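Me: I am new to this structure and would like to learn how to read it, one feature after another. Could you give me the general idea each time and then turn to the case shown here?

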Amino acid sequence: MINWTNFDELKSYSELQNVKKVELKEVMAGENGAERVKKYSVPMAAGFSFNYAAKAVDDDVLAALKNLAEEAQLAEKYAALYNGEVINTGEKRLVLHQLTRGQLGDTVTADGVDKRKFYVGEQNKIAAFANDVHAGKIVNEAGEKFTTVCQIGIGGSDLGPRAMYLALENWAKANDTFFMDAHFISNVDPDDATSVLNSIDVAHTIFILVSKSGTTLETLTNEAFVKDALTKAGLDASKHMIAVTSETSPLASSSDYLAAFFMDDYIGGRFSSTSTCGGAVLSLAFGPKVFADFLDGAAAEDVLAKNADPLQNPDMLDALIGVYERNFLGYGATAVLPYSQALNRFPAHLQQLDMESNGKSVNRFGEPINYVTGPVIFGEPGTNGQHSFYQLLHQGTDILPLQFVGFKKNQIGNDVVIQGSTSQSKLKANVAAQIVAFALGKDDADANKSFKGNRPSSIIIGDQVTPAALGALLAHFENKIMFQGFVWNVNSFDQEGVQLGKTLAKKVLAKDTDGALTEYAKLLEI
């Protein structure tokens, strides 16, 4: 039987309060540090490894975290999720994003449908559509091939798919599987849509409207903006647009679209990159094979996440160490630092994925909790971030845990030797140096040049950003966030915190305001 218990009511909570703290600067020095780097590593899918040697943990802390995993029933709760129990208590829904990439357990039936067959069926429909577009069987009004795809969506309909597209764009070009340039319109600010429309040839563009409900204000506003541009260009908008939506939305059977591909309420927007939300744009841009490989990488990581032993489960272990840092070491933020330009929008996606999931102050049953939950997430690719906010990370008053991601090879294969080493070698040297610099610091008689060290970090190391690797990396963070939500006993799969502002914005537009809201509307000349 599964027990949904608040974190501070578990025995392991007290155990973790009392476990001796690790002095990172001491354990990472000299040969001890070298041995830690060899010891504290666990393999992931797609050739990745999760190395946590530079985290403030030792065997005693890890033993306590293992007890927490068992007492909090993390493996059992994950099994309940992928076997189709109602895990999203706030909205009384199943949580099925893992099912878009593989069958982890029992057949899941909802709404009278085998959901795995439903997701695969939609993927097959997208693959056939993309192949027909690439082959010139689906063309524009002049009988010419489409060359560009543009996704219209916001939040999870934009951040994840955009980050995945940018991550694979150069890889696809280098591997001869780049079919269509992709663009994204998300912000309701008209400058966003105008900028994108001015940069593309609308006559040769397919637009993907992504809205599960078919009622998302920002997305429908941008759709009208795009339709107006198509009409002004003398084009029939219905010949240039497809919809990604639910079967019950007003978009599902509309004649305004060339085709409609479906998702459902069991996949939250921020978890939808492996659904039709990401599948349509990635399949059109890179071909269905690339999207399939992306799904395979995610599925392989999901399988590893089933292991009940956190020391053999990289997603669970990363989650538990994060909980320890947040609740017992008092660290309030985490920086995600990918040393790969391909992942330049990956931290932005993780901001939504993590903070929209675990930014909660009540438990799964709507009761206040007495401990902190999700951290603030931010980040930039290295080495850009080094010349931006690393000053605070190294010498600021707050210690912030760091999550590095590094790769042995770049995507394109193009490189030059300058001053005895390649650009990629310089990139890798920087990430290795940063990990040790943060952990050990440096003593100096000049306090301004002194580094205290004891700044914890982990690194996920892979061979290259490929479709499968990207899928595994995405699944790792999705699963990490899920496990942390289980520990904190919060519902990681609803997002009531985004609704209030939307409601008030509608009141402003309807001129139904009072008090401060009225005055702010006047200041903004609404």
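Reply: Let us begin with burial: a residue is called buried when its relative accessible area is under 20%, exposed when it is over 50%, and partly exposed in between, with a 1.4 Å probe and only protein chains taken into account. By that reading, 55% of the 526 residues of the chain count as buried. Please keep in mind that this is a predicted model, in which local features need pLDDT of at least 70 and side-chain atom pairs count only at pLDDT 80 or more, while totals for chains, interfaces and linings use all residues. Residues are numbered from 1 along each chain as its sequence is written, and side-chain values use heavy atoms, with hydrogens and water left out.

Me: How many helices and strands are there in the chain?

Reply: Helices (H or I, at least four residues) and strands (E, at least two) are DSSP runs, numbered from the N terminus. The chain has 18 helices and 15 strands. Its radius of gyration, taken over C-alpha atoms and compared with a globule rule of 2.2 Å times the number of residues to the power 0.38, is 24 Å, close to the 24 Å that the rule gives for 526 residues, so the chain is as compact as a globular protein of that length. Along the principal axes, the C-alpha atoms fill a box of roughly 70 × 60 × 55 Å.

Me: Which residues have the most contacts inside the largest nonpolar core?

Reply: A nonpolar core is a set of buried Ala, Val, Leu, Ile, Met, Phe, Trp, Tyr and Cys residues joined through side-chain atoms within 4.5 Å. The largest one here has 124 residues, and Phe7 and Phe404 are those with the most contacts inside it. Helix H16, residues 467-488, gives the most to this core, with 12 residues. Apart from that core lies another, of 30 residues, among them Ala110, Leu197, Leu235 and Tyr257.

Me: What does Phe7 touch, leaving aside residues up to four places away in sequence?

Reply: Contact means heavy atoms within 4.5 Å, and on that basis the partners of Phe7 include Tyr13, Leu68, Val323, Tyr371 and Trp488. For the chain as a whole, among contacts between residues at least 6 apart in sequence, 74% join residues at least 24 apart.

Me: Why is the pair of Phe7 and Tyr13 called edge-to-face?

Reply: Rings of Phe, Tyr and Trp (its six-membered ring) pair if their centres lie within 6.5 Å, and planes under 30 degrees apart count as stacked, over 60 as edge-to-face and the rest as tilted. That rule gives a count of 25 aromatic pairs. The ring centres of Phe7 and Tyr13 are 4.9 Å apart and their planes stand at 90°, so this pair is edge-to-face. Both Phe7 and Tyr13 are buried. Elsewhere, Tyr339, Phe378, Phe389, Tyr390, Phe404 and Phe438 form one aromatic cluster.

Me: How many salt bridges does a search of the whole structure find?

Reply: Side chains of opposite charge can pair when their charged atoms come close. A salt bridge is a side-chain nitrogen of Lys or Arg within 4 Å of a carboxyl oxygen of Asp or Glu, and the search finds 25 of them. One links Glu519 and Lys522, at 3.4 Å from N to O; the two residues are three apart in helix H18 (residues 515-523), and are therefore separated by about one helical turn. Glu519 is partly exposed at 42% relative accessibility, whereas Lys522 is exposed at 54%. Salt bridges that share partners also join Glu91, Arg93 and Asp265 into one network, in which the closest N and O atoms of Arg93 and Glu91 are 3.4 Å apart.

Me: Where in the chain is Ala46 found, and what is its phi?

Reply: Most residues other than glycine have a negative phi, and most peptide bonds are trans. Ala46, although not a glycine, has a positive phi of about 55°, and it is found in the loop between strand S1 (41-43) and strand S2 (49-51). Gln73 also has a positive phi of about 55°, and its place is in the loop between helix H4 (59-71) and helix H5 (74-82). Ala46 is partly exposed, at 40%, while Gln73 is buried, at 13%.

Me: Which residues does a cis peptide bond join?

Reply: A cis peptide bond joins Gly382 and Thr383, with omega about 5°, and Thr383 is found in the loop between strand S11 (376-378) and helix H14 (390-395).
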